[in-house]
Every structure is written in C-alpha cells, then in structure tokens.
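Open the model in your viewer and keep the selection panel at hand. The tour below moves from one selection to the next.

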Amino acid sequence: MDLYKEILIHALAQERIEVRFPELKLDAQTLVESVCYRALEEIRAILRDDTLSDPTCFHRIEAIVTTLESIGSHGGDRHDFG
C-alpha cells in the first residue's frame, strides 16, 4: 500500500466517526440480513456450479471467499490466491 494511504488510514482510525443516513428506511439489522441472504444465495449457486470441478475445489473456495469479500467480509489470512 502507498505510504501516504497507510499514514492517512492510521491517522483517521484514531478519530471518532459519526455517519448518518437520514433517508434510510431500514434498520441496521434488516440491512445486514438482506446483504447476508444475497451472499448466501451466491455461495449456494457457486457450490452448485458443476463447471468448478477441480479435485481440490480451489475455484469453489476462491469464488466463496470473493463473494464474502464483496460484502465487506475479510477473506482470511489464507486468501492468497492472487
């Protein structure tokens, strides 16, 4: 990561953050549940995809990790696939 960005991220991480969405009609739990449900649907579709049939399931796992990352979930330290 660029040194400038690293310094900025670290400095901002020390500050109090307040975010407001005055037009948002959903509560946080409903919003998260909706995103999670869509992610689970994608994961199920990935697991059912017979074109991803390598013996060690590398492509299936990579696709699942990518799906989780797309909703903001960290892929874990083992996600070093590129």
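In which helix does Ser70 lie? Select Ser70: it lies in helix α3. Helices here are DSSP runs of H or I with at least four residues, strands are runs of E with at least two, and both are numbered from the N terminus.

Before going on, note the ground rules. This is a predicted model, in which local features need pLDDT of at least 70 and side-chain atom pairs count only at pLDDT 80 or more, while totals for chains, interfaces and linings use all residues. Residues are numbered from 1 along each chain as its sequence is written, and side-chain values use heavy atoms, with hydrogens and water left out.

**Whole chain**

Show the chain as a cartoon. It has three helices and zero strands, and the pattern along the sequence reads α-α-α. Now switch to a surface. The accessible surface of the chain is about 7,400 Å², and 59% of this belongs to carbon and sulfur atoms. Accessible areas come from the Shrake-Rupley method with a 1.4 Å probe; for residues, only the protein chains shown count as cover. Of the 82 residues in the chain, 11% are buried. Buried means under 20% relative accessible area, exposed means over 50%, and partly exposed is in between.

**Helix α3**

Return to Ser70, which counts as exposed because its relative accessible area is 54%.

Next, select all of α3 (58-70). At 1.5 Å a residue its 13 residues should span 18 Å, and the end C-alpha atoms are 18 Å apart, which agrees. The expected span is 1.5 Å times one less than the number of residues in the helix. Colour Arg60, Glu62, Ile64, Val65 and Thr67, which are buried in α3. The cover over the buried residues of α3 includes α2. Just after α3, Gly72 takes a positive phi of about 95°.

Is Thr67 buried or exposed? Thr67 has a relative accessible area of 6%, so it is buried. With neighbours within four places in sequence left aside, Thr67 is in contact with Ala39, Glu42, Ile43 and Ile46; contact means heavy atoms within 4.5 Å. Draw a C-alpha to C-alpha distance from Thr67 to Ile43: it reads 7.1 Å, for a separation of 24 residues in sequence.

**Helix α2**

Select α2 (28-48). Its 21 residues should span 30 Å at 1.5 Å a residue, in agreement with end C-alpha atoms that are 30 Å apart. Which residues of α2 are buried? They are Ala39, Ile43 and Ile46. These cover an arc of only 55° around the axis, which puts them on the same side of α2. The arc is that of the directions from the helix axis to the C-beta atoms. The cover over the buried residues of α2 includes α3.

**The loop and the salt bridges**

Move to Val19, in the loop between α1 (3-13) and α2. Val19 is exposed because its relative accessible area is 55%. Select Ile17, Val19, Phe21, Leu24, Leu26 and Leu31 together: they form a nonpolar patch on the surface, with about 610 Å² of accessible area together. Patches are made of residues with over 30% relative accessible area and no salt bridge; like charges are joined within 9 Å, and nonpolar side chains (Val, Leu, Ile, Met, Phe, Trp, Tyr) within 5 Å.

Last, show the side chain of Glu18, which is partly exposed at 46% relative accessible area. A salt bridge here is a side-chain nitrogen of Lys or Arg within 4 Å of a carboxyl oxygen of Asp or Glu, and by this rule the count is two. Glu18 forms one with Arg16, the closest N and O atoms being 3.4 Å apart. Glu18 also meets Arg20 in a salt bridge, at 2.3 Å from N to O. Shared partners join Arg16, Glu18 and Arg20 into one network. Arg16 is exposed at 72% relative accessibility, and Arg20 is exposed at 66%.

Note on methods:
Buried < 20%, exposed > 50% of the residue type's maximum accessible area, 1.4 Å probe, protein only.
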